[in-house]
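Work through the exercises below with the sequence and the 3D view open. Try each task before you read its solution.

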Amino acid sequence: GMFIVSSDISRTVGSPFWLLMAWVVAGVVTILGALSYGELAAMYPKAGGQYVFLRESMGALMGFLYGWTLFVVIQTGTIAAVAVAFGKYLGQLWPAISPERYGWFPQFTVTTWSGPIELGLSPQRLVALTTVWILTWINLRGVREGKLVQTTLTVVKTGALALLILLGLTIGRNATALAANFSPGNFTGSVDFTGVFAIVFGSALVGSLFSSDAWNNVTFAAAEVKNPQRNLPRALLFGTGLVTILYILANVAYLNVLPIHGTEGAADVIGRGIDHATQDRVGASAAEVIFGPIGGSIMAVAILISTFGCNNGLILSGARVYYAMAKDKLFFSKAGTLNRNSVPAFALIVQAVWTTLLCLTGTYNQLLDFVIFAALLFYVATTVGLFRLRSLRPDAERPYKALGYPFLPGLYIVLASAIAIVLLIAEKTRYQALSGLALVALGLPVYFIWRKVERA
């Protein structure tokens, strides 16, 4: 997301200032959420994380709805999309890995309100499936192996992003971009501060919020974290804080290198600017200005590392939620067992199978649009649960207490709810938000059917 969504945000908000504000607001909202989750993570350092928080504060039904939505769309949909992005950028280095579907594999195109869904297998999707199963196999071997991959790739991709920022703010500075973005009048643009702009700006936050999302995944594997009462709150706060700073600085670097406004189809990357970067690959355009023609390949390698590391973390953590649900008899019972390496093997495999189907159907693009709205609903519900637990269990041990309670958690509920409402109102995101809501609601009959089967 960090290397792509700034292009769409630029087209939506129209000025450098509001581009940066989209990342600032997303960062502030994310950090406020992390501060609230710190208390819950320290109270319940168990496998499942947010699922456990919702179960304890809101009851089994709310916990199930979160786990259901996580499995159907939030976690697996994101894994599928990131895996296909890996295949897409590998295709930039190796053109034979194309998006064209294999003729010998069954393929169909289904037209929906959100666009065509292409069912079938292509070289890019085959690469995506391969990465999903390789990472699943690594995590089946034990948490140490998953941790090693995650730590190594996180260091590499954070270093690559930091290098892009440093070069963009120094030797990559471009006179054309500086004049176009930071001259008086151009920086803030001409904005009519009305309700219409508020809705437009709110819809633009989808990209920056998605890029900042999955910060809660650290709580999913809480049972395997050393000294979780101390380390989980710190990981939440320092992790979201560092990512927010990196994202804001990266966009400042983009604005130093590329003009925000360009011309679609222009011959060079500076002419296309940020808002018309080829296939929205802003990071690749910035790297091309800094490094020359080879910059696109350098950025492709950086994104391959980033996507591979991202999916390792998502695969590792997501299976812990299904494990916790199975323990509560709300998921396949076998998912609640551990293999000889002490990892939830069946949960990892089920997750990989569903992700494979999403990759083959091509619905990952549509599912990504549903992720943020559905995620916001449960972020708000979980933070409301913090207030409920303060009331219902005032004497419970709280190794860490939410900073600024009740003001900052209350502010998070207001901001996240407002963004969710905007997504329902804005024409650009309305159908995706309603679809996300429908997926959550679909979990209601599934819950009662599952309960009935378990009793039988």
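**Exercise 1. Cysteines**

Task: How many disulfides does a search of the whole structure find, and why?

Solution. The search of the whole structure finds zero disulfides. The model is a predicted one. Start with Cys-310. Its closest cysteine sulfur is in Cys-359, 13 Å away, which is too far for a bond. A disulfide needs the two sulfur atoms within 2.5 Å.

Task: Is Cys-310 buried, partly exposed or exposed?

Solution. Use the cut-offs: buried is under 20% relative accessible area, and exposed is over 50%. Cys-310 has 28%, so this residue is partly exposed.

**Exercise 2. Enclosed space**

Task: How many cavities of 30 Å³ or more does a search of the whole structure find? Describe the lining of the largest cavity.

Solution. There are two cavities of 30 Å³ or more.

- Step 1, volume. The largest cavity holds about 70 Å³ of space.
- Step 2, residues. Its lining consists of Val-29, Thr-30, Leu-209, Asp-213, Trp-215, Ile-372, Leu-376, Tyr-379 and Tyr-412.
- Step 3, helices. α2 (16-43) and α14 (364-392) each supply at least two of the lining residues. α14 gives the most, with three residues.
- Step 4, classes. The lining has seven nonpolar residues, one polar and one charged.

Task: Which residues line the second largest cavity?

Solution. This cavity has a volume of about 30 Å³. Val-82, Ala-83, Phe-86, Thr-131, Leu-135, Thr-307, Phe-308 and Asn-311 line it. Next, assign helices: α4 (60-93), α5 (123-140) and α12 (295-327) each supply at least two residues of this lining. Last, sort by class. The lining of the second largest cavity has five nonpolar, three polar and no charged residues.

**Exercise 3. A pocket and its tryptophan**

Task: Which helix gives the largest share of the lining of the second largest pocket?

Solution. Begin with volume: about 170 Å³ of space lies in this pocket. Its lining includes Phe-64, Gly-67, Trp-68, Phe-71 and Val-72. Also among the lining residues are Met-325, Trp-354, Val-446 and Trp-450. α4 and α16 (430-455) each supply at least two lining residues. The largest share, five residues, comes from α4. By class, the lining divides into 11 nonpolar, one polar and no charged.

Solution. Trp-68 sits in helix α4. Its relative accessible area is 17%, so Trp-68 is buried. Check one distance along the way. Val-321 is 253 residues from Trp-68 along the chain, yet their C-alpha atoms are separated by 10.0 Å.

**Exercise 4. A covered helix**

Task: How many of the 10 residues of helix α11 are buried?

Solution. Seven are buried, which leaves α11 (residues 282-291) mostly covered. The buried set is Val-282, Gly-283, Ala-284, Ser-285, Ala-286, Ala-287 and Ile-290. These residues pack against α1 (6-13), α6 (143-169), α9 (228-257), α10 (269-272) and α12. Finish at the helix end. Gly-292 follows α11, with a positive phi near 90°.

Key: Residues numbered from 1 in each chain as written. Predicted model: local features only at pLDDT ≥ 70, side-chain atom pairs only at ≥ 80, totals over all residues. Heavy atoms only, no water. 1 Å grid on protein atoms, 1.4 Å probe; cavity = no way out; pocket = protein on both sides within 12 Å on 5 of 7 lines; lining within 4 Å. Points joined across faces, edges and corners; volume = space filled by probe spheres on them. Helix = DSSP H or I, 4+ residues; strand = E, 2+ residues; numbered from the N terminus. Nonpolar A, V, L, I, M, F, W, Y, C, P; charged D, E, K, R; others polar. Buried < 20%, exposed > 50% of the residue type's maximum accessible area, 1.4 Å probe, protein only. Contact = heavy atoms within 4.5 Å.
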